[in-house]
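Welcome! Take a moment to look over the protein below, and then we will walk through a few of its features together.

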Amino acid sequence: MAQPGSYFQDARLPQQRGVDGVVFPAVLVPGRGGSCSFDEFLAAVRSEKASRLEPPLLAAGAVLLRGFPARTAADFDRAVDAFGYEELPYVGAAPRTNVVGRVFTANESPPDQSIPFHHEMAQAPTFPSKLFFFCEVEAESGGETPIVLSHFVYNKVKDKFPEFVEKLEKCGLIYTRILGEGDDPFSPIGRGWQSVFATSDRVVAEERVMLLRKAPSCNVPDRETHTGSS
């Protein structure tokens with residue numbers, strides 16, 4: 001449904017799902033006949049972010065913007081900048097290449113590697129509240145980036161394992177990650193410590209590790225919960 005005077009119009013796609021009474025994800029396409037310049041798109045993002053873009057994001061958890069005049073990684077970088085959100089540097093183990101500005105490639109591990117659902121940078125004390133994805137060249141087959149509503153998964157897990165979830169909420173979770181010497185291009189979490197911390201100096205890397213460390217809220221005497229990756 002188009003709102004009078006709005007640049008953005010609601011749309012429906014067959015792939016959308018109903019989750020707890022909410023259509024997921026929300027989909028927005030260009031209104032006003034669907035034709036405009038890239039600069040007009042950027043201006044609309046800035047002027048309608050609070051009134052037209054953030055409400056469906058908060059309601060549905062994700063918004064798919066389809067049919068807008070962003071064609072390149074540089075366009076995407078400018079579009080993200082137009083939203084005005086604070087930029088958060090990427091600190092993670094996935095092999096990626098910085099394309100332009102704040103734009104990185106997706107995980108560059110081989111296609112036979114499985115990447116399970118996860119929260120971005122969950123191992124760091126400071127993590128992003130929003131993520132942007134952009135497709136510059138559509139894959140001939142596959143290539144989708146699946147997303148899932150975290151609170152929906154949480155409710156399912158809590159229903160099935162209430163005591164485990166209660167312990168997590170009370171004590172938190174400890175992540176143990178072992179970073180290798182140099183990058184492993186065949187692993188979806190294959191960045192070595194030099195790439196993750198942007199230095200070849202072990203002393204500097206250890207200093208940056210200490211900045212990222214976050215003490216758990218309590219200890220569990222009988223058994224601590226760890227997730228390890230190497």
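**Charged pairs and a nonpolar core**

D81 is partly exposed, with a relative accessible area of 45%. Keep in mind that this is a predicted model.

- D81 forms a salt bridge with R102, with 3.3 Å from N to O.
- R102 lies in the loop between β6 (98-100) and β7 (103-104) while D81 is in helix α2, so this pair ties together parts that are 21 residues apart in sequence.
- R102 counts as partly exposed, at 25% relative accessibility.
- R102 also has a salt bridge with E87, where the closest N and O atoms are 3.9 Å apart.
- E87 sits in the loop between α2 and β6, 15 residues from R102.
- The relative accessible area of E87 is 45%, so E87 is partly exposed.
- Through shared partners, salt bridges join D77, D81, E87 and R102 into one network.

**Another salt bridge**

- Side chains of opposite charge can pair when their charged atoms come close.
- R52 and D10 form a salt bridge, and their closest N and O atoms are 2.9 Å apart.
- This pair links distant parts of the chain, with R52 in helix α1 and D10 in strand β1 (residues 8-10), 42 residues apart.
- Is R52 buried or exposed? R52 counts as buried, because its relative accessibility is 4% and buried means under 20%.

**The nonpolar core**

- The largest nonpolar core has 14 residues, and Y7, F8, F41, L42, V45 and L53 have the most contacts inside it.
- Helices α1 (38-60) and α2 (73-83) each supply at least two residues of this core.
- Which helix gives the most to this core? That is α1, with 6 residues.
- V45 is in contact with F8, L53, A82 and F83, leaving aside neighbours within four places in sequence.

**A buried arginine**

- You can find R191 in the loop between β8 (174-177) and α5 (193-196).
- R191 is buried yet has no salt bridge, and D183, the nearest side chain of opposite charge, is 5.6 Å away.
- A polar atom of the R191 side chain lies 2.7 Å from the backbone oxygen of S195.
- Not counting residues up to four places away in sequence, R191 touches several residues, including Y90, P95, L179, D183 and V196.

Terms used:
Residues are numbered from 1 along each chain as its sequence is written. This is a predicted model: local features need pLDDT of at least 70, side-chain atom pairs count only at pLDDT 80 or more; totals for chains, interfaces and linings use all residues. Side-chain values use heavy atoms; hydrogens and water are left out. A nonpolar core is a set of buried Ala, Val, Leu, Ile, Met, Phe, Trp, Tyr and Cys residues joined through side-chain atoms within 4.5 Å. Buried means under 20% relative accessible area, exposed over 50%, partly exposed in between (1.4 Å probe, protein chains only). Helices (H or I, at least four residues) and strands (E, at least two) are DSSP runs, numbered from the N terminus. Contact means heavy atoms within 4.5 Å. Lys and Arg count as positive and Asp and Glu as negative; His and the chain ends are not counted. A salt bridge is a side-chain nitrogen of Lys or Arg within 4 Å of a carboxyl oxygen of Asp or Glu. A polar contact is a pair of N or O atoms within 3.5 Å; within protein, one must be able to donate a hydrogen and the other to accept it, and residues adjacent in sequence count only if both atoms are side-chain atoms.
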